[in-house]
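This report describes a protein model and its ligand. Please keep the sequence and the coordinates at hand while reading.

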Amino acid sequence: MEKNKDFLEFLVSHSKRYGFIFPSSEIYGGINAIYDYGEYGVALKNNIKDFWWKSMTQIHDNIVGIDSSILMHSDVWSASGHVQKFNELLIDNKDSKKRYRPDLLIKNHVEKFFYKNEKKRKEILSRLYDCLSNNNLLGIKDLIHELNIHDPISHTNHWTDIKYFNMMFKIEDHRKKNLFLRPETAQGIFINFQNVIKSNRMKIPFGIAQIGKSFRNEIVARQFLFRLREFEQMEMQFFILPEEEKFWFKYWKNMRMKWHLLFNLGDEKYRFIENTHLPHYASLGTDIEFNFPFGFKEIESIHSRRDFDLIKHENYSKKNMKVFDKSKKNYFPYVIETSLGLDRCFFTIFSSSLKKEKINNGKIRTVLKIPSFLSPIKAAILPLVKKDGLPEIAKKLFNNIKFDFKLLYDHTESIGKLYRRQDAIGTPLCFTIDYDTCKNETVTVRYRDSMKQYRIHINEIKDVIKKETELKSILRKIHN
Ligand code: GAP
């Protein structure tokens, strides 16, 4: 556990030092569970988005993308049930005045103390889920007392009663009308359902994909990028015939797992967890979990939302939300949803790729072994020394190749230190320009992961970068 805590601290400090993630509003003391992405962070995030977007809208000819607004009519959230049901439980410790989610207190306790006792674990969790399904808040409090759960800060068990708390951020417009910051991007898809059908001439089965910000007033917001109050989601709603629900649910479950495994972070780091406690809109549900430095946690949820949202929006808006089909006439299609948190996906890649490695003469290097197609910088062009015309040759090469790939030119330190810096930000290739380059137009190419070096002609540079970092070959594997 201590080891994992140390690793998390190392991860947080590395991500700040090398321009991946900064704590938001740091000069004012920071703001809980909100982060900013630096130059390399946003580049990595955009590359993950690009991969997801293409996997959905380019590889599947029956999935189209949209980008709906964050602010929507407040009836959207009454219709979707979020005003009434998007609640979390909260409990306060009377001594520390700290606030917790009681269900998470129980789950964490079970994971910590009963991870080897499957029977006991199941028994406690099933009691918790029973209480949650029956709104039995007293039952949950009893469970906390029976398990003798103490506040980690005050170390006492003086708990308040448990209450519900709506997780949507409410804001007010100039007419004092309530608006909400969206807690999921999905509703923007449902309310545009008929627009997409008409403008894109879509026929069932088809999907609508969207990437965008979501906001949740999380009670317990910690563990770095894991639980944020402002985050991004990559969601896809796939509209189907109701009788094909089970087929498409299984299809998307497998397809989504396959997508994650393409990052090559280790298949054993992922698992499916069937949802025993489904959200208010779902009939089938499964989560994909990832083994973070603090254990297995959800990264993506896959649900059958049935016709729940379309029926609700038809009732509230009085607009037709059905589709017309010659044989079935008018009907509400069912929806299979895949919903991935972009920041959590970033976290899986970053946390699995950052390594400290022993290299020759006992030295340690820090290297970010991210999949090369996601690297913020695809290759660095480095002169061996900052004299004798080598920087000029290197700069010329850089200016020639920069139209094809995101490159970096650097001559500020010794070559060893330049390599270390590129390792730390995950650049898969470094090309070094030296005295032989002047003689025979060759350069040294150095590979990040193996640290092996080869001599190649300058005309081969583009092909080497393409081969190492191309997204196309990864995308091809989606349907294989
Ligand atoms: N539209 C369905 C939906 O929003 P969800 O399981 O509540 O389902 C989907 O969220 C995904 O969004 C999660 O698996 C997670 O990756 C991400 N997510 C949810 N809350 C988050 C938070 N507070 N911080 C970061 N990511 C979050």
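The sections below cover the ligand site, a pocket, a cavity, backbone geometry and a few side-chain contacts.

## Basis of the report

The model is predicted: local features need pLDDT of at least 70, side-chain atom pairs count only at pLDDT 80 or more, and totals for chains, interfaces and linings use all residues. Residues are numbered from 1 along each chain as its sequence is written, and side-chain values use heavy atoms, with hydrogens and water left out.

## Ligand site

The shell around the ligand holds 19 residues, and Glu-184, Leu-228, Glu-235, Glu-298 and Ile-299 come nearest. By class, the shell has ten charged, five nonpolar and four polar residues. Here Ala, Val, Leu, Ile, Met, Phe, Trp, Tyr, Cys and Pro count as nonpolar, Asp, Glu, Lys and Arg as charged, and the others, Gly among them, as polar.

A side-chain N or O atom of Glu-235 is 2.5 Å from a nitrogen atom of the ligand. Taken alone the ligand exposes 550 Å², and the protein buries 93% of that (Shrake-Rupley areas with a 1.4 Å probe). Strand 10 (230-240), strand 13 (295-306) and strand 16 (334-341) are the elements that give two or more residues to the shell; strand 13 gives the largest share, five residues. Helices (H or I, at least four residues) and strands (E, at least two) are DSSP runs, numbered from the N terminus.

## Second largest pocket

The second largest pocket holds about 320 Å³ of space. Its lining has 16 residues, with Ile-197, Met-202, Lys-203, Val-323 and Phe-324 nearest the centre. Helix 9 (193-200), strand 14 (323-325) and strand 15 (329-331) are the elements that give two or more residues to this lining. By class the lining divides into seven nonpolar, six charged and three polar residues.

Pockets and cavities are found on a 1 Å grid over the protein atoms alone: a cavity is a set of points where a 1.4 Å probe fits but cannot get out, a pocket is an open set with protein on both sides within 12 Å along at least five of seven lines, and lining residues have an atom within 4 Å of a point. Grid points are joined across faces, edges and corners, and a volume is the space filled by probe spheres set on the points.

## Cavity

There is one cavity of 30 Å³ or more by this rule, and the largest cavity has a volume of about 40 Å³. Ser-55, Met-56, His-60, Trp-252, Met-255, Arg-256, Trp-259 and Ile-478 line it. Helix 2 (39-58) and helix 10 are the elements that give two or more residues to the lining, and helix 10 gives the largest share, four residues. Five of the lining residues are nonpolar, two are polar and one is charged.

## Backbone geometry

Most residues other than glycine have a negative phi, and most peptide bonds are trans. The peptide bond from Ile-204 to Pro-205 is cis, with omega near 0°. Pro-205 sits in the loop between helix 9 and strand 9 (206-215).

Asn-135, not a glycine, has a positive phi of about 55° and lies in the loop between helix 6 (118-133) and helix 7 (137-146). Asn-264 also has a positive phi, near 60°. This residue is in the loop between helix 10 (245-261) and strand 11 (270-274) and is exposed, with a relative accessible area of 68%.

## Selected residues

Burial classes follow relative accessible area: buried means under 20%, exposed over 50%, partly exposed in between (1.4 Å probe, protein chains only). Gln-187, in helix 8 (residues 186-190), is buried at 0%. The Gln-187 side chain makes polar contacts with the side chains of Asp-309 (3.0 Å) and His-313 (2.7 Å). A polar contact is a pair of N or O atoms within 3.5 Å; within protein, one must be able to donate a hydrogen and the other to accept it, and residues adjacent in sequence count only if both atoms are side-chain atoms.

Thr-442, in strand 22 (residues 442-447), is buried at 13%, and its side chain makes a polar contact of 3.0 Å with the side chain of Arg-455. Lys-328, in the loop between strand 14 and strand 15, is partly exposed at 34%.

Notes: A residue is near a molecule or strand if one of its heavy atoms lies within 4 Å of it.
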